[in-house]
Amino acid sequence: MITIKVNGTNFEFFDSYDIALRFDTIASTFSFNAVFDSQNALHRSLFKPLSYSSVEIYWNGGLILSGVMINASFSDSSTYESVKISGYSKTGILEDCAIAQESYPLDFEKLTLLEIATKLCAPFGISVVTDLSSEDLSIANMEIKSDSAKETETVKSYLSSLCNQRNLILTHNEQGQLLITKVKASTNPVQHFSDKVNPATKMVLAVNGQAMFSEILVMKQASVDTENAGQATVNNPLVSVKRTTTEIQSSGTDNDTEKVANNLLSKQLKNIKLNINCDRNTFNNGSLFKPNKVITVQNDEIYLFNRAYFFIESVTLKGSNKENVANLSCVLPEVYTKEKPTNIFA
């Protein structure tokens with residue numbers, strides 16, 4: 001059961017909702033249609049445009065999203081029309097806004113990634129947390145020799161680039177905090193989907209072969225700072241036909257070239273997408289469908305003849321007084337683990 005609080009007040013008068021819980025972005029999103037009584041002082045306070053009211057969404061009493069109201073659409077006609085409210089997680093502001101002047105100067109020499117993230121998020125009231133292992137935490141706490149942001153750059157854009165360089169993931173949690181994390185590859189599958197027994201009503205596997213290559217070559221040219229040039233090649237085991245692509249490494253050293261190549265392979269794997277529609281919003285074990293979970297899928301009709309692992313990247317929950325459904329958007333786990341994928345079509 002979905003419960004919504006607006007500015008700390010339980011709001012029961014909504015007739016439908018659409019919640020997109022996402023792992024691959026800095027914020028999740030939500031919308032709901034609500035009863036609006038223009039003569040009710042509480043309603044006027046809660047739904048006042050540009051007040052950026054806080055919104056908390058719960059499922060069976062457990063918090064699943066902490067956000068703010070961004071958009072409101074009011075209508076008046078001969079028949080009653082509800083107000084449509086939409087917004088995003090508290091961290092969504094980091095994607096909209098440039099770095100605040102309180103964080104200047106924008107030269108971050110001898111600061112760590114975590115220190116920079118904390119400094120840039122503080123003016124917006126966003127806290128930074130991490131659940132990294134000790135090994136990855138040491139990378140996040142490593143001093144950056146010299147780095148600077150552009151005045152027009154958003155907080156999210158700059159922090160994403162720092163995390164990408166260190167194979168870390170920038171996302172958010174249900175409390176509305178910025179989360180620096182890494183996918184736990186050892187996570188056990190929480191559900192098996194098949195064409196025989198599963199909670200799915202529809203499965204679609206979409207593969208964009210035009211954006212896939214068998215061979216990725218990365219070249220690093222020598223610069224004024226270093227005479228070392230670099231070159232690295234990685235192969236994609238899912239592509240058996242010779243298809244080549246070349247990228248020029250614009251930053252870092254020759255020691256980073258192989259890492260850049262592996263990152264490009266992981267990014268390329270996003271061209272294999274699996275969507276699963278369900279006529280309910282829970283796994284077989286009764287827990288809510290959420291991102292950052294691993295599932296297995298076997299379905300001959302979508303060319304998955306063998307059991308394959310997929311990572312739930314986002315979940316869209318939709319509900320009304322008639323139904324509660326979910327849509328799962330999945331990718332290969334190697335998109336985030338950066339490991340070499342196995343050929344799921346072999």
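## Rings and a buried asparagine

The side chain of N236 makes a polar contact with the side chain of Q268, at 2.9 Å. Keep in mind that this is a predicted model.

Let's stay with N236 for a moment. Is N236 buried or exposed? Its relative accessible area is 2%, and buried means under 20%, so N236 counts as buried. The side chain of N236 also reaches the backbone nitrogen of L238, at 3.0 Å. Leaving aside residues up to four places away in sequence, N236 touches M212, F213, S214, L265, Q268, L269 and P341.

One of those neighbours, F213, has something else going on. The charged end of R243 sits over the ring of F213, 5.2 Å from the ring's centre.

Now for rings that meet other rings. A pair of aromatic rings is described by the distance of the centres and the angle of the planes. How many aromatic pairs does the structure hold? There are 12 aromatic pairs. Here are two of them, side by side:

| Pair | Centre to centre | Angle between planes | Arrangement |
|---|---|---|---|
| F23 and F311 | 5.2 Å | 70 degrees | edge-to-face |
| F36 and F47 | 6.3 Å | 75 degrees | edge-to-face |

Why is the pair of F23 and F311 called edge-to-face? The planes of F23 and F311 are at 70 degrees, and an angle over 60 counts as edge-to-face, so that's the label this pair gets.

F23 lies in the loop between β3 (14-22) and β4 (29-34), while F311 is in strand β18 (residues 304-320).

What about F36 and F47? This pair links distant parts of the chain as well, with the residues 11 apart. F36 is in the loop between β4 and α1 (41-46), and F47 is in the loop between α1 and β5 (54-59). F36 has a relative accessible area of 26%, so it is partly exposed, whereas F47 is buried at 1%.

Which residues do ring pairs link into a cluster? F36 and F47 belong to it, together with F11 and F74.

Terms used. Residues are numbered from 1 along each chain as its sequence is written. This is a predicted model: local features need pLDDT of at least 70, side-chain atom pairs count only at pLDDT 80 or more; totals for chains, interfaces and linings use all residues. Side-chain values use heavy atoms; hydrogens and water are left out. Rings of Phe, Tyr and Trp (its six-membered ring) pair if their centres lie within 6.5 Å; planes under 30 degrees apart count as stacked, over 60 as edge-to-face and the rest as tilted. Helices (H or I, at least four residues) and strands (E, at least two) are DSSP runs, numbered from the N terminus. Buried means under 20% relative accessible area, exposed over 50%, partly exposed in between (1.4 Å probe, protein chains only). A charge sits over a ring if NZ of Lys or CZ of Arg is within 6 Å of the ring centre and within 35 degrees of the ring normal. A polar contact is a pair of N or O atoms within 3.5 Å; within protein, one must be able to donate a hydrogen and the other to accept it, and residues adjacent in sequence count only if both atoms are side-chain atoms. Contact means heavy atoms within 4.5 Å.
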